[in-house]
Amino acid sequence: DRYQRRVHGEVYLSEAHAEQKARWLYAREDSHCCARMCIPKCREFNMDVGLPHMQGGGQRTVEQSIGLVESTFVYPMIRLHRPLFCCLSELSVQDGRGNYVGTAKDQCSNLLRCCPIRVAAYGPGHQPEGKPDYELTGPLPCVIDCIGRCPCRDPFDFELREKSTSRKVGSISNTPAGWLKMCLSDADHYTISFHPDADANERALLLALTFMLDYAYFEAKQNSNRQ
């Protein structure tokens, strides 16, 4: 399905795969090592999401093709920035040329673990103030805390809709990776479904929201398990 993409998390480098398992995009985080160790949940970071670094006339080396060498550079298609925060996360999105695409902000109700997740999203024509253009809704945070690492659970589904018309832009699904992978790795699997009418900015915003959800609700749980 050309409107569906999967994102597989790794320790330092994330890869997005199409349905036929071909490598689609890479994501590289730029953050301070002390922040990752001491304040992982609320740390500031910049992230480039785009095509992997190519060598020699645009051809990937053999080592990179078989996954033996980590791609250390990413040609960005979108750029994400999350400032240091205390309670509510915020993520701004730019395209590869630095043009503003949108912003996503946690809602105050997310501080209550018994309320459904709600994230306000703003399009390129609006700053993150006032009434949002889009809203992402999802399951209860307390449910994610309780069964998030269970390999036999149902997927956690998140839906992005336009506020004024209730038009569906797309959805994000966090799916279990299976018994073996979840025992040996902290990586998460996400399936992103774009509505056929969604434009490029909306698709970039939906991809950015996937990273925001992972950092805010799934990475924190994994870190606490490791500790």
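Start with R167, which is partly exposed at a relative accessible area of 25% (buried means under 20%, exposed over 50%, partly exposed in between, using a 1.4 Å probe and protein chains only). This is a predicted model, where local features need pLDDT of at least 70 and side-chain atom pairs count only at pLDDT 80 or more, while totals for chains, interfaces and linings use all residues. Residues are numbered from 1 along each chain as its sequence is written, and side-chain values use heavy atoms, with hydrogens and water left out.

R167 meets E162 in a salt bridge at 3.1 Å, N to O (that is, a side-chain nitrogen of Lys or Arg within 4 Å of a carboxyl oxygen of Asp or Glu). R167 also meets E202 in a salt bridge, this time at 2.5 Å. Helices (H or I, at least four residues) and strands (E, at least two) are DSSP runs, numbered from the N terminus. E202 itself is buried, with 5% relative accessibility.

E135 is buried at 19%, whereas K163 is partly exposed at 35%.

## Aromatic pairs

Searching the whole structure turns up three aromatic pairs (rings of Phe, Tyr and Trp, the last by its six-membered ring, with centres within 6.5 Å; planes under 30 degrees apart are stacked, over 60 edge-to-face, the rest tilted). F45 and Y215 count as stacked because their ring centres are 4.6 Å apart and their planes lie at 25°. F45 belongs to strand β4 and Y215 to helix α5, 170 residues apart. Both F45 and Y215 are buried.

The rings of F156 and F218 have centres 6.1 Å apart and planes at 40°, so this pair is tilted. F156 is in strand β10 and F218 in helix α5, so the pair ties together parts 62 residues apart in sequence. F156 and F218 are both buried. Ring pairs also bring Y190 into a cluster with F156 and F218.

## The core and M47

Now for the inside. The largest nonpolar core has 39 residues (a nonpolar core is a set of buried Ala, Val, Leu, Ile, Met, Phe, Trp, Tyr and Cys residues joined through side-chain atoms within 4.5 Å). Helix α5 gives the most to this core, with 13 residues. Among the residues touching the most other members are M47, L80 and F211.

Leaving aside neighbours within four places in sequence, M47 is in contact (heavy atoms within 4.5 Å) with residues including A27, I78, L80, F211 and Y215.

## Around C42

C42 is found in the loop between α1 (33-38) and β4. Which residues does C42 contact, leaving aside its neighbours within four places in sequence? They are R82, P83, L84 and F85. C42 and R82 are 40 residues apart in sequence and 8.9 Å apart in space, C-alpha to C-alpha.
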